[in-house]
Amino acid sequence: MMHEGPRSPTEPPAMGVVRLEDLVDQAALEELATSLHALFGLSVRFFASDGSLLADRVTEQVLCRHLQTIPGARAQCARTIDVVKRLVPDGKTAPHPCFTGAEYLVVNVTYEQRRLGRAVLGPYLSPEVTSPPPSLLLVDDKLDPADAEALSPKMPRLTRERAELIAAHVQTSLELILFSGHKAWLTSQMHVASVTESYRVLEDKNKRLADAVDRLRELDRLKSNFLATVSHELRTPLTSIIGYSEMLTEGMAGDLTTEQRDYIGTIREKGEQLLSLIKSLLDLSKLESGTMALRKATLDVAVVTEQVVSTLLPTAKKRGVALESTVPKGLARLHADSEKLRQVLLNLTENALKFTPEGGSVRLSATLVAEDIDDDGMGLVLGAAAEERLELRVADTGIGIPEAERERVFDAFYQVDSSSTREYGGTGLGLSIVKRLVTAHGGSIRIEANTPTGTVFVVSLPTAPPSSS
Amino acid sequence: MQIDFSAREITVKLVYYGPALSGKTTNLQSLHDQSSAETRGRMMTLDTRDDRTLFFDMLPLTFTTEGGFAVRVKLFTVPGQVIHESTRRLVLSGADGVAFIADSRSAETQNNAAAFRDLKANLKANNYELRALPLAIQFNKRDLPDIRTDAELAAQAARGKEPVFRATAVKHEGVVDTFLGLLHLTLRSLDKQNDLRGKFGFERRAFLSQVAARFGDVTIEQHLATALTAPGAELSLTEDV
């Protein structure tokens, strides 16, 4: 057996000598023999190529049983059976006569012209045989011719032509079984091969994707480093610009005219704006690189919201927008960095004020929510009760954010449309910093619509466990 | 090829390749119908509801020489539809020869070329050397209008390396020619590599004549003479060892 190159899935692993017993279930052969026997009253035997019996369904004929009791006949019978077992027909079938006048028909079982084994039909007696032949009568002196006369006609009667038809049927049935088996085998081989192939292709793609992700991560890291370096380098000269303009305003370089003082005031004001922008860039890059340290302590969220409202109240008044907090004292305690939490709420509230027209309102509120509300309290018995979270809401009556944009507003430098940059100012950094700060606290942020108009930013934070209070 | 020394037989795998709907399955069907009953096996079609050929068709043919040496030929078709790329690659693996079934219509020229490039790519993926692979090309559907003319094909065959056959598979025309042409090329190549004559006393010429006889009265020489080839590359049965 030899094969060149990789083995094809369409070929069996080893052909060698193909054997019937390997291809067909023994039980299936027995069922086939049984049904043939029932249909034609004929004994059926299946042999492997080497002559060993695989399956049979046999009715012992009364004549044969009687002959077994007579030594000479028994020997003759054994010889006949031995020949029939080993007989390999040249063509499809070969008949073999028995000394009793009956006949066996040996059938080659083939598939794709390979001889796999044999089936033996019979004994059967041709309808033309009317009396026992001399070969039976003379087989042994002890055989009473009257017995032979009486028992011989009890054999199944069958013409050769009919036996050949039955043989063809046996061959066809077996071939169909073999064909279906072969087909199923090929199909499964192809399935396995094509699944393996698809897996290989997928693995390939996965690897390429993983490589691409690695490359992008590296680029992202480089970008953050660059951002951090540049921001830092910008801050140093800017501090001098602000410092010197301050000194000028204070008259340390002599008196200034009102006009000069105004100009320098503008320089200083713009310098401060620039500095705060640079600070946010630094914050962002620190958050991205994970180097921002959180100084966590247990705090009352109402204290923070009060502070935010009082800080921004002047701005709100100037814009003609109502600002209030409805967070009651003692509602919830958080384990958080108060400075950063304040920054989150300041950013969100400032943002809300910025986009709310005169006459509108900005409202801070808080609610406690049980997590996994759909669980129906399952797992309580295990002490795995749903955790409580605090949801802080900053609701405005501004222009609102279209649903499709709600995820993207947290990307750095993103604004819903660039025209709003000119109208409302801002760098587009605030919300991305907010999101990162909230995430660093183990929380999440989402946007809901306010009715009839406006936006609600919902910050969800884990509450502090009772033991730490 | 698989050689089984104990059973004195070889199994040869021939693959019918080509664009979708060029008539690969029709070729196999026609070979099945034209071959004698003792030669052909049951044709196997693995198919699905909405596709003409999901996996492949397989037709086994068995030829036995007087010396009791058996050549089993397994003919496979590949699915032509573009999406079955991986099935084509799998069926192609282990092929001893390839018949490329092209559509004669001028409008199909692009599809023929694309399928041939696909064949080349898949042969490469199976580590075949295209130059060493026995290949026969068949231009099928000669009965349709707007086809590439005989003169065009002859001119192209004269420049190519492989024999070109013309066929109308639905009318059983040219199918046996193509098969025998490919079988001839394949056995010549296998004989060279494995010395079948030395090992089994296998006489190619006599064998091919016997095979031709299984398909009717036309001799192997007449079958092979239908091929369009480059000058000097005619299919010849004189031993060229």
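Helices (H or I, at least four residues) and strands (E, at least two) are DSSP runs, numbered from the N terminus.

This is a predicted model: local features need pLDDT of at least 70, side-chain atom pairs count only at pLDDT 80 or more, and totals for chains, interfaces and linings use all residues. Residues are numbered from 1 along each chain as its sequence is written, chains are lettered from A and ligands numbered from 1 in the order in which they are written, and side-chain values use heavy atoms, with hydrogens and water left out.

Chain A averages a pLDDT of 83, and 88% of the residues score at least 70. Select residues 1–6 of chain A. There pLDDT stays under 50. The model has 16 contacts (heavy atoms within 4.5 Å) beyond four places in sequence for this stretch.

**The sheet**

Next, select strands E8, E10, E11, E13 and E12 of chain A, in that order. They form an open sheet of five strands with mixed pairing. Two strands pair if DSSP finds at least two bridges between them. E8 (322–325) and E12 (444–449) of chain A stand at the edges; each has a single partner strand, so one side of each is left without a neighbour in the sheet. On average, neighbouring strands are turned by 20° against each other, direction ignored. Axes here are lines fitted to C-alpha atoms, for helices over the stretch in contact; angles run from 0 to 180 degrees between N-to-C directions.

Zoom in on E12(A) and strand E13 (residues 455–462) of chain A. They run antiparallel, joined by six bridges. A:Ile445 stands opposite A:Val459 in E13(A).

**The helix on the sheet**

Pick A:Lys317, in helix H9 (residues 301–319) of chain A. Is A:Lys317 buried or exposed? Its relative accessible area is 66%, so A:Lys317 is exposed. Buried means under 20%, exposed over 50%, partly exposed in between (1.4 Å probe, protein chains only). A:Glu358 is 41 residues away in sequence and 9.6 Å away in space, C-alpha to C-alpha.

Notes
pLDDT = per-residue confidence, 0-100.
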